[in-house]
Structures are given as structure tokens and as C-alpha cells.
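This briefing is meant to be read with the sequence and the 3D view side by side. Please look at both before going on to the notes.

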Amino acid sequence: MPAGADLDWLTRGFGHVWLPYAQMKHVDMPAPVVATAGSRIVLADGRELIDGIASWWTACHGYNHPHIRAAVQAQLECMPHVMFGGLAHEPAYRLAERLAKLAGGDLTRVFFTDSGSVAVEVAMKMAVQYRINRGETGRHKMLSFRGAYHGDTIATMALCDPEEGMHAMFRGLLPEHVIADLPRDEAGEAALRATIERHLHELTAIIVEPLVQGAGGMLFHEAGVLQRLRALADEFDLLLIFDEIFTGFGRTGATLACHAATVMPDILTLSKALTGGTLPLAATLASNRVFDAFWSDDPAHALMHGPTYMGNALACAAANASLDLFETEPRHQQVAAISAQLRAELEPCRALPGVLDVRVLGAIGVVELDRPAERAPLMRAFIEHGVWIRPFGNIVYLTPAFTISPDELSTLTAAIHATLAR
Ligand SMILES: *Cc1c(COP(=O)(O)O)cnc(C)c1O
């Protein structure tokens, strides 16, 4: 679309769309986008923004990667979608095998869904029915952590940080789980052990985002935390669920965070970068131990779940193409280079007034402020600098595409420094 083209659709539609995480009475009109390419978002007036957050952590290869585009186009020609119950297609079956191999350990079974929250709900359902199928009654609760984010649906909100998940506001509606602090040291481990002992009769699983709690505040923890959780899960015969919807596919430096931590879960969830940011898709991977509890002559022991768009062929074709790119392009070296550059270029922010912390892990760069940021004016300032960065709470962060150029990344870090300095 040429610059200055008709934006009638924007003003008319603005009266009808209901936007995410927004007080509609005061929300700014969103910036109209007409195209994307690489790390660039092209606005209707012709301006280009460098995307610092890869569209909520999805577009890890940059936008419109030709290999993914070709795969989706070829799939569209022959079959965009076919139901998954009773019918099979190559993109999903090939993807299941590839994801099982990529995850490793004995995470051999893949259940496809269409969003991260639903993948987490499926993980919860697996963990609860695992007990039911084994004749253990009353064990339907999860142990999750302060600072966690596992989704926005009602079941997953209940696993989030109590404040972020608005547990008080939705009291009576949300199921109550056990929410604890991450065991960061031996004292933390002792406290968590006591919590588990108190609730063991009703617990089935521990769920955690490994290495980075994302939307709950970009909070990092050491691999030792996950090793403690694995040991406690084994000691008390609990399942361990890793929600890698944010951390998966190279974001922390390793292919999966569980690989970096050398701790394997019993259930793993993936989404966000799974299709390289092109189509919605999610997966819940189960270990043999979990799957075996459903393997039975009793029909009631089956997992009764099946989203309409399960295993969507277009999305699976995109995901297979995205996995190809991790094999053929130097993503891990790119993440290492981004990491070093973020470390060097965000560090000066530490000296700015109002900055509490600067931290980097893999291709995640975080500037934590000492109070919640005023999002709207900050975002307006970022757009003036030609960058797309969307802070939340007291967190200003970068999670760029792994294909971003050093110059583009410098523009992003300079925009953060200049904007926070004002
Ligand atoms: C984004 C996210 C989810 C929810 O995924 P949706 O696709 O938005 O439902 C769940 N867990 C984690 C760790 C996430 O980052």
C-alpha cells in the first residue's frame, strides 16, 4: 500500500475490535501495519520500525522468511487443513517425530493444539488424568510459582503469579493451586519440601518455566533451581512440567532451556516460535511414563481432547520449515552474538535514574525499572525512534529475531537508553 493510502478500515474497525490488555476507553489507536520483512514492520505512512520483540517472541527467523513462506504456499496449494480425528497428514506426523527428537529424553508423544494456553491446559489434563488412570484419587492440583506466567485462559490464570493472574479479582472462579517461591537455595528447597509435604495428598505435578519466567517479569533463575525441582518431583513421585512456550527454540541459547539446565521434564509445552511466527500452533510433549498411564484396554483411560484445528497442516508445514532453518542457518551462533551485543549495549542503562537492574540471557535483554513504566508515552517515544518495543509492568525488554543485524540491534538498544534517559 502506498504511503498516505486510505485508512478508512482503521477508524471504522477501531469502533469494533476489542484489544488485548487494554483499557479501551484510554487506549491509543494502534499503529497501522501494511507489511513486514526481516526485522522490519512497515507502517501505513511508509515509516519502518525495527521490531525489538519479534511479535511477542514468535518471529525468531525474522518476518517473511522465504523458506517458511514457500513451505506454507506449497501446503496451501494441496491442503490447508483436514481434521485430525481419523485422518493423517504428513506435515503433522513428520513434525511430531521431529519435535520428539528435538526434545530428546523420553518425551516421545506429541499432542498438537493451537495456542500456548491450551497446550498448558492439555499438560494439566494429562497430569490430572495420569493420577485418575492409576487409581490415585483427589490429586488434581498443580504446584506453580510466584512470578509465573502460563496463559490467559481460566485454567492457566490459576497457575500464574497470584497478582499477575488476578487471583483475588476472580476468586471463586479460578481453581486453587499451590503457589510457592522458586527454590533458589537450600533454605528455599527446605521451604518447598515442607509445602509439598503439606499438600502431597492433593498434588499431581510441579509446573515451571525453565530458566526464565517470561511474561511474569523476565525473571531468570539458575539451572540449580530446576535440578532441585527434579529431585523433589522424584522424591515425592510428582510429575514435572516445563512450560517452554517462551524459552523454546533457542531463545535462551540452547535449543530448549531444559537442555541448558540438563534437567528433563515429564511433560513439555511449546508454542510461540514453533512456526517461526507465521501461524498459531502449540504442542504438549509427554514422556513414556505419562503416556503409559493412558495406554489401556479401558476406553475411559483415553485422553479426551481434540481441538477442531488440531495439527493444522499449514501451521505444521510452517513449523517443519522453521525447524529446517535451525538446521541450515547458524541460529545458535546468532543468539550468542546477540547476547554479547545486548550485554555490552544495555549495560550503560544501569547508570540511569530509575533503573533497578539490567540482565541478559541468550537473546533476551532486560532493563528493569524501579516502578511500573507508563507504557503509552514510552511506546510513543520508541516509535519516534523508529523501533517497536512494548514494555510491561516495570520491564523494558528486547527479544529480537535471531536474524537481526548488529546495526538494527544497536538502534534498539540506543532507543532504550535515550528514552529511559529522558
Ligand atoms: C505466551 C505464553 C503462554 C500462553 O500462550 P498463548 O499462545 O498466548 O496462549 C503460556 N506460557 C508461557 C510461558 C508463555 O510465554
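The model is predicted. Its protein chain is divided into domain 1 (8-61 + 330-361 + 377-414) and domain 2 (66-328). Helix H11 (residues 313-328) packs against helix H3 (residues 66-78), and the axis of H11 also comes within 8 Å of that of helix H4 (residues 90-103).

**The two domains**

- The C-alpha centres of the two domains are 26 Å apart.
- Where they meet, 19 residues of domain 1 are in contact with 19 residues of domain 2.
- On the domain 1 side, the elements that give two or more residues are helix H2 (54-57), helix H12 (331-346), strand S13 (355-361) and strand S16 (395-398).
- H12 gives the most to this side, with five residues.
- Sorted by class, the domain 1 side has 10 nonpolar, seven polar and two charged residues.

**Helices H3 and H11**

- H3 and H11 pack at an angle of about 150°, and their axes are 8 Å apart.
- Angles over 145 degrees count as roughly antiparallel, so H3 is roughly antiparallel to H11.
- The crossing of H3 and H11 is right-handed.
- From H3, the residues in the contact are His67, Ile68, Ala71, Val72, Gln75 and Leu76.
- H11 meets them with Ala313, Leu314, Ala317, Ala318, Asn320, Ala321, Ser322, Asp324 and Leu325.
- The contact of H3 with H11 has 10 nonpolar, four polar and one charged residues.

**Helices H4 and H11**

- The axes of H4 and H11 come within 8 Å and cross at roughly 40°.
- That angle makes H4 oblique to H11.
- The crossing of H4 and H11 is left-handed.
- H4 brings Pro91, Ala92, Arg94, Leu95 and Arg98 to the contact, and H11 brings Ala313, Cys316, Ala317, Ala319, Asn320 and Leu323.
- By class, these residues divide into eight nonpolar, one polar and two charged.

**Ser287**

- Ser287 is found in strand S12 (residues 282-287).
- A residue counts as buried if 20 or more other C-beta atoms lie within 10 Å of its own; Ser287 has 20 and is therefore buried.
- Leaving aside residues up to four places away in sequence, Ser287 touches Gly105, Asp106, Leu107 and Asp266.
- Pro265 is 22 residues from Ser287 along the chain, and the C-alpha atoms of the two are separated by 8.1 Å.

- Most residues other than glycine have a negative phi.
- Met166 is not a glycine, yet has a positive phi of about 55°.
- Met166 lies in the loop between helix H6 (154-157) and strand S6 (178-180).
- With 13 other C-beta atoms within 10 Å, Met166 is partly exposed.
- Leu211, also a residue other than glycine, has a positive phi near 70°.
- The loop that holds Leu211 runs between strand S7 (203-208) and strand S8 (212-213).
- Leu211 counts as buried because it has 29 C-beta neighbours inside 10 Å.

Note on methods:
Residues are numbered from 1 along each chain as its sequence is written. This is a predicted model: local features need pLDDT of at least 70, side-chain atom pairs count only at pLDDT 80 or more; totals for chains, interfaces and linings use all residues. Axes are lines fitted to C-alpha atoms, for helices over the stretch in contact, and angles run from 0 to 180 degrees between N-to-C directions. Helices (H or I, at least four residues) and strands (E, at least two) are DSSP runs, numbered from the N terminus. Angles under 35 degrees count as roughly parallel, over 145 as roughly antiparallel, 65 to 115 as roughly perpendicular and the rest as oblique. A crossing is left-handed if the near helix is turned anticlockwise from the far one by less than a right angle, and right-handed if clockwise. Two residues are in contact if their C-beta atoms, placed from the backbone, lie within 7 Å. Ala, Val, Leu, Ile, Met, Phe, Trp, Tyr, Cys and Pro count as nonpolar, Asp, Glu, Lys and Arg as charged, and the others, Gly among them, as polar. Domain bounds come from an automatic or database domain assignment. A residue is buried if 20 or more other C-beta atoms lie within 10 Å of its own, exposed if 12 or fewer, and partly exposed in between; C-beta atoms are placed from the backbone.
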